[in-house]
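Please look over the sequence and the model first.

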Amino acid sequence: MSADAHAHAHAHAHAHAPKSRATTSPTPDVQPATSPSIAPARPDASRSIASARPDASLSASPARPGALPPLRFGYGTNGLADLRLDDALGLLADLGYDGVGLTLDHMHLDPLAPDLAARTRRVAQRLDALGLGVTIETGARYVLDPRRKHGPSLLDPDPDDRARRADLLVRAVRVAADLGAHAVHCFSGGVPEDADTDTAWKRLAETLTPVLDVAASAGIPLAVEPEPGHLLATLADFHRLRSTLGDPEPLGLTLDIGHCQCLEPLSPADCVRAAAPWLRHVQIEDMRRGVHEHLPFGDGEIDFPPVLAALAATGYQGLTVVELPRHSHAGPHFAAHSLPFLRHAERTAATLPPATAPALQQAAPPHGAPSATPEGSSTR
């Protein structure tokens, strides 16, 4: 790990005040570095992990009885991969987004390139100038291995390779602390051919433990995402990991709304309610039952107003990030169309009656089946 990635970083509560949406005076990620050290802690760097729990700073009580707190929407940079990071941030600010899901990748704040601390400081300044919140995502396809998509994983047969993935997550936590991000997202990976599921679960717990220690020190929740086809594929799997690790304070959940539609037995809205105590990050897109394919809003089967009503009712105030990585070729178009859709659905959500009994979906596909082949495949 580079020296700047090892430098001490402190937590930061990044509650952005409204700022100008102007996109002048950019501070590109590629400017020459001026200092090799991590930026000093910001003035409000005393936040603890507890502030990310549902009863604290990322959760807000309704302003008045019966009112739903407004949601904060972001867009993922993995859906804007053809744009420079500075241009992507300016675009999202101009469109009216509240924040960005920043995937650390070779084109966007490369976590393995030199001078990470100095580049991170410039991105922090840009986010502040634009009034954008941020969460850090770690789903870059080839940032660690140019030949293996998402490889190596936390379950890799080679312990040195597992350590490389853990190192990336540690870097992500430290970047998140310097950017004032509300969480770091990650996922387990698929079960390797050399391992049975018990071995894979053991590897996952062992490899995540030192990352969680760093997350606890930094005050940044590590939000694990159930991913179709992975070892940790469902909400039930998340609870298995939580139990195995002894429910560590920094361990939280990334809930992908499309994945709920894809394979969870509960409806997406009821998944939100069930996940509320552990919710640290939310991704959102449309999807169809049994098909792991991230779709633009309106192209799938999800009824979004009940989902957003459920999310608002939890008091969740982290970012809800649009996740359309396969549509990056037209990223500006989809970014421009996604936010009005979500705001309209949010307004509709405010008119809905309170939820009643949990709704079961049609029979779920076999555990993990939708991602047995690459995203876009069908189990039907």
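Which residues have the most contacts inside the largest nonpolar core?

## Basis of the description

This is a predicted model, in which local features need pLDDT of at least 70 and side-chain atom pairs count only at pLDDT 80 or more, while totals for chains, interfaces and linings use all residues. Residues are numbered from 1 along each chain as its sequence is written, and side-chain values use heavy atoms, with hydrogens and water left out.

The residues with the most contacts inside the largest nonpolar core, which has 85 residues, are Ile136 and Leu179. Such a core is a set of buried Ala, Val, Leu, Ile, Met, Phe, Trp, Tyr and Cys residues joined through side-chain atoms within 4.5 Å, where buried means under 20% relative accessible area, exposed over 50% and partly exposed in between (1.4 Å probe, protein chains only). Beyond its neighbours within four places in sequence, Ile136 is in contact (heavy atoms within 4.5 Å) with residues including Leu102, Leu104, Val175, Leu179 and Val184.

Helices (H or I, at least four residues) and strands (E, at least two) are DSSP runs, numbered from the N terminus. Strand E3 (residues 133-137) is largely enclosed by the rest of the structure, because five of its five residues are buried. Gly133, Thr135 and Glu137 point one way from E3, whereas Val134 and Ile136 point the other way. Strand E2 (residues 99-103) pairs with E3 in the parallel sense over five bridges, pairing being assigned if DSSP finds at least two bridges between two strands.

## Serine 188

In the loop between strand E4 (184-186) and helix H5 (197-218) lies serine 188, which counts as buried at 1% relative accessibility. The side chain of serine 188 reaches the backbone nitrogen of leucine 232 at 3.1 Å, and contacts of serine 188 beyond four places in sequence include Ser153, Leu204 and His230.

## An aromatic cluster

Four aromatic pairs are found in the whole structure; rings of Phe, Tyr and Trp (its six-membered ring) pair if their centres lie within 6.5 Å, and planes under 30 degrees apart count as stacked, over 60 as edge-to-face and the rest as tilted. Phenylalanine 297 and phenylalanine 304 form an edge-to-face pair, 5.1 Å centre to centre with 85 degrees between the planes. Phenylalanine 304 also forms an edge-to-face pair with phenylalanine 341, at 5.6 Å and 90 degrees, and this pair links helix H9 (residues 304-314) to helix H10 across 37 residues.

Phe297, Phe304 and Phe341 form one aromatic cluster, in which phenylalanine 304 is buried at 2% relative accessible area, whereas phenylalanine 341 is partly exposed at 31%.

How values were computed. Polar contact = N/O pair within 3.5 Å; in protein donor to acceptor, adjacent residues only side chain to side chain.
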